[in-house]
Amino acid sequence: MNSNIRDQALIERCQRGDRKALEELVGHYEKPVFNAAYRILGNPDDAADATQVVFMKAFEHLGQYDPKYKFFSWIYRIAVNEAINQLKRGRNQQPLDDTEVAGTRGPDASAEAGDLSREIQEGLMQLTEDYRTVVVLRHFSECSYRQISDILQIPEKTVKSRLYSARQIMKDALQARGVH
Amino acid sequence: MVDERTLDLINADVDGELTPEQSQELDAILEASADARAMRAELLRLTNLLDNQPAVNPPADLAQNILQQIKWPEPAGSFSLAGLFSSFQPATAGLAFAAGLLATVSFYELAPDNSPGIDTAGMVGTMVANPENRGTDLADSLSFSEPGVTGSVSLQAGKDIFALEFNLDSSKEVEIEVAFAEAGLGFGGIAHAVIDHKAADESYEVSGGTLRVVNQGRQSFTVFLLNAASDGRGGKEINIVVSSGEVRVIAGVLRG
């Protein structure tokens, strides 16, 4: 089933009070929302907090969701806004802890892969929020230019401009660290 | 050095966003420019690095925490009959009964298995108390969204009673078949919440161990099935078919 049709059916069931539909929606979007928040915030604990808030807000405002638009765009928009709000509230001022990134990768992840992941995350954190958000949506959430434009409600031209500049900055930052 | 146009084309290329014409244009540039080729190779290395980062696993209890913290909104313009039924314990019987009356629920007990079609228009009945130890839990559900017909069916399973809650919205006439006898169940009745339907098009019929409901519009009703064999909860498979004209919208099995 097309994911958008599936989501619409689940939302209708949620609105009728079907808790199992809510569980299914959370099951489908928990990991992608958490990952987007984690890449923007750089900290798994903050990402988990943000993910909880995202779902609470989404279901609190489910009646305002317009089915003309894709649910994933709507919930990603809430996720990005929440992550950026958390950053602005200064809840993410601690420096990135090596063990936090490595610890979230699962027990079978190699130390080398953990190092690379940490370097990439640190490179991301050097970007401004606007730049980091487009990189996260493009490369970690696999969104197209059009989808990023819908989520962030900015023109595609702006998406491209931010993405190209952000990647240049990341490339330089990673090269300076000997990663790229 | 590469110019801005080339840089844009290379970036769009690594993102898979080039049109065929732009792709041809970039191929020509790459063939002629070593700088452009080097730039593209560098960008590809970076994007491959980013794209191949594994997804991070959220904390194991995150979904549970989310579900616990979500305040369930009151459904607008509808209510769960099966939920009402499952909450019908002696201590809350008075409240639930009042809620049932306010919601103008019609409840029927159709005794004979081969009853003819029943005209439900205007019927108002009484709720029956759910005896102790007959609580029901959501066991399974199906949802569908097809042109002209959307909706869901959820199965609440109890020790000796099963409730199938239908929520449908159809712009055309649909027929719902519930094959309860082959699941070892007996027919217990229907509770029907009128939302917005065409009563003239509505009929219910029970024959040959199958319930057939024909309806159109926005509707919510619950079918109660009894576990006559008293063999305990679980292991029941109820086949449900929703059709519109000659077209099957959904044919599925609910397990409880």
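## The contact between the chains

Two residues are in contact if their C-beta atoms, placed from the backbone, lie within 7 Å. In this predicted model, the contact between the two chains draws 46 residues from chain A and 41 residues from chain B. On the side of chain A that touches chain B, the elements giving two or more residues are α1 (3-15), α2 (19-41), α3 (44-60), α6 (111-125), α7 (129-140) and α9 (156-176) of chain A. The largest share of that side, eleven residues, is provided by α2(A). By residue type, the side of chain A that touches chain B consists of 18 nonpolar, 14 polar and 14 charged residues.

## Helix α2 of chain A

Helix α2(A) has a kink of about 40 degrees at A:Tyr29, shortly before the proline A:Pro32. Just after α2(A), A:Gly42 adopts a positive phi of about 80 degrees.

## The nonpolar cores

The largest nonpolar core contains 60 residues, and those with the most contacts inside it are A:Ala36, A:Ala37, A:Ile75, A:Ala79 and A:Val135. Helix α2(A) gives the most to this core, namely twelve residues. One of the residues with the most contacts inside the core, A:Ala37, touches A:Ala47, A:Ala50, A:Thr51, A:Ala79 and A:Ala83, when residues up to four places away in sequence are not counted.

## A buried valine in chain B

B:Val223 belongs to strand β7 (residues 210-226) of chain B. Is this residue, B:Val223, buried or exposed? B:Val223 is buried, because 28 other C-beta atoms lie within 10 Å, and a residue counts as buried at 20 or more.

Leaving out residues up to four places away in sequence, B:Val223 touches B:Leu164, B:Val178, B:Ile190 and B:Leu211.

## Confidence in chain A

Chain A has a mean pLDDT of 85, and 86% of its residues reach 70 or more. Among the elements of chain A, the highest mean pLDDT (96) is that of α7(A), while helix α5 (residues 98-103) has the lowest (42). Over residues 95-110 of chain A, pLDDT stays under 50. For residues 95-110 of chain A, the model has 23 contacts beyond four places in sequence.

Terms used. Residues are numbered from 1 along each chain as its sequence is written. Chains are lettered from A and ligands numbered from 1 in the order in which they are written. This is a predicted model: local features need pLDDT of at least 70, side-chain atom pairs count only at pLDDT 80 or more; totals for chains, interfaces and linings use all residues. Helices (H or I, at least four residues) and strands (E, at least two) are DSSP runs, numbered from the N terminus. Ala, Val, Leu, Ile, Met, Phe, Trp, Tyr, Cys and Pro count as nonpolar, Asp, Glu, Lys and Arg as charged, and the others, Gly among them, as polar. A residue is buried if 20 or more other C-beta atoms lie within 10 Å of its own, exposed if 12 or fewer, and partly exposed in between; C-beta atoms are placed from the backbone. The bend at a residue is the angle between axes fitted to the seven residues ending there and the seven starting there. pLDDT is the predictor's confidence in each residue, from 0 to 100. A nonpolar core is a set of buried Ala, Val, Leu, Ile, Met, Phe, Trp, Tyr and Cys residues joined through C-beta atoms within 7 Å.
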